[in-house]
Amino acid sequence: MGSLILSDTVRLPDLDRAIGFTLPDHHARGRVVRLGPVAQSILAAHAYPAPIEKLLAETLALTALLGTTLKEAEGQLTLQAQTQGGIIRLMVCDYKHGELRGYVDFDADRLAELGEDPSLFAMFGQGYLAITFDQVTSGERYQGIVPLDGDSIAAAAESYFLQSEQIPSLVRLGIGVDDNGQRIAGGIFLQHLPEGEEGRERLHVRLDHPEWHHVEALGSTMGPDELADPMVPLETLVWRLFNEEREVRILATTDLSRGCRCDRDYIAGVISRFPEEERAAMADENGIITVDCAFCATKFPLAVADIAS
């Protein structure tokens, strides 16, 4: 009796990682990311309505795209969207050493009045997006602030790079669901490399960028369904876009995880700096101060007596 040979390999979902690549002939670089369980665990910490869940998933993907461009392993990238009187009061996501976290503070009653698919402007009104790069080793900190006046969080990020760094960039984000109905978030980030280091004119003083226009045109063909398809490897996405280019260099993979940096000892240290009477006012009738982490929704009960000691 003959033996049975299984020649088909099992395809596994490609999730919770990012890869970088460069296009040397076009002086461009890029990142591709896809989030699954990492985004799902962050979203699960709060029972967000669907519009907030979708927006936060997109912003987490954007945070991963930008954060993985940091040269320093301990560097931190923070995205903060805020309004004055808007339905979304505050949205914060950050990236550090492959770890992501994020949360949204919003008015649930006002959001419910907008229906199932509100626009970005409807949720934020006159809001702004601040993007901050912190380099730990050098101590350098860069921040740019742009209005949230586009139709997506991706458009706001493109405005940031154009206005703050004067570098043409393209950002595309895609949201899908897995077989269990859980969110999948993907994204691609393309950027023209800065010039001018060796006597060449600065990129932003030119009226035309033919090299960049070619890359941008190809990148714009990437659909949100492809970005959020867990069964399409990230390297395949890059190949689909740039397989006719003479050279594409794939860079190292960055594995992504959920990482809230809340810590009982750190929180106790912060509270200990308050005057004794203020600490007493924070405590309940049992002498317990309860601190709730906005990112992971973890509660930290701390005894006033222990903090004082």
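1. The hairpin of β4 and β5 has two residues between the strands, and His97 there takes a positive phi near 55 degrees. Strands (E, at least two residues) and helices (H or I, at least four residues) are DSSP runs numbered from the N terminus. The model is predicted: local features need pLDDT of at least 70, side-chain atom pairs count only at pLDDT 80 or more, and totals for chains, interfaces and linings use all residues. Residues are numbered from 1 along each chain as its sequence is written, and side-chain values use heavy atoms, with hydrogens and water left out.

2. Strands β4 and β5 run antiparallel and are joined by eight bridges; two strands count as paired if DSSP finds at least two bridges between them. Within this pair, Asp94 stands opposite Arg101 in β5.

3. On its other pairing, β4 (residues 88-96) meets β3 (residues 76-83) in the antiparallel sense over seven bridges. Here Asp94 in β4 faces Thr78, and Met91 in β4 faces Ala81. Four residues separate β3 and β4 in their hairpin, where Gly85 in the turn has a positive phi of about 80 degrees.

4. These strands belong to an open sheet of six, with mixed pairing and the order β7-β6-β3-β4-β5-β11. At its edges stand β7 (141-147) and β11 (257-258), each with a single partner strand, so one side of each has no neighbour in the sheet. Strand β4 is largely enclosed by the rest of the structure, because seven of its nine residues are buried (under 20% relative accessible area, with a 1.4 Å probe and protein chains only).

5. Helix α2 (residues 50-67) lies across β3, β4, β5 and β6, running at about 35 degrees to β4. Helix α5 (residues 153-164) lies across β4, β6 and β7, at about 120 degrees to β7. Such angles run from 0 to 180 degrees between N-to-C directions, with axes fitted to C-alpha atoms, for helices over the stretch in contact; contact means heavy atoms within 4.5 Å.

6. Among the buried residues of α5 are Ile153, Tyr160 and Phe161. The helix is followed by Gln166, whose phi is positive, near 55 degrees.

7. A second open sheet has five strands in the order β8-β9-β2-β1-β10, with antiparallel pairing. Its edge strands, β8 (169-177) and β10 (249-255), each pair on one side only, and the twist averages 15 degrees from one strand to the next. Strand β1 (residues 17-23) is joined to β10 by five bridges, and Arg17 stands opposite Asp255 in β10. Helix α6 (residues 210-219) lies across β1, β2, β8 and β9, at about 165 degrees to β9.

Conventions
Buried means under 20% relative accessible area, exposed over 50%, partly exposed in between (1.4 Å probe, protein chains only).
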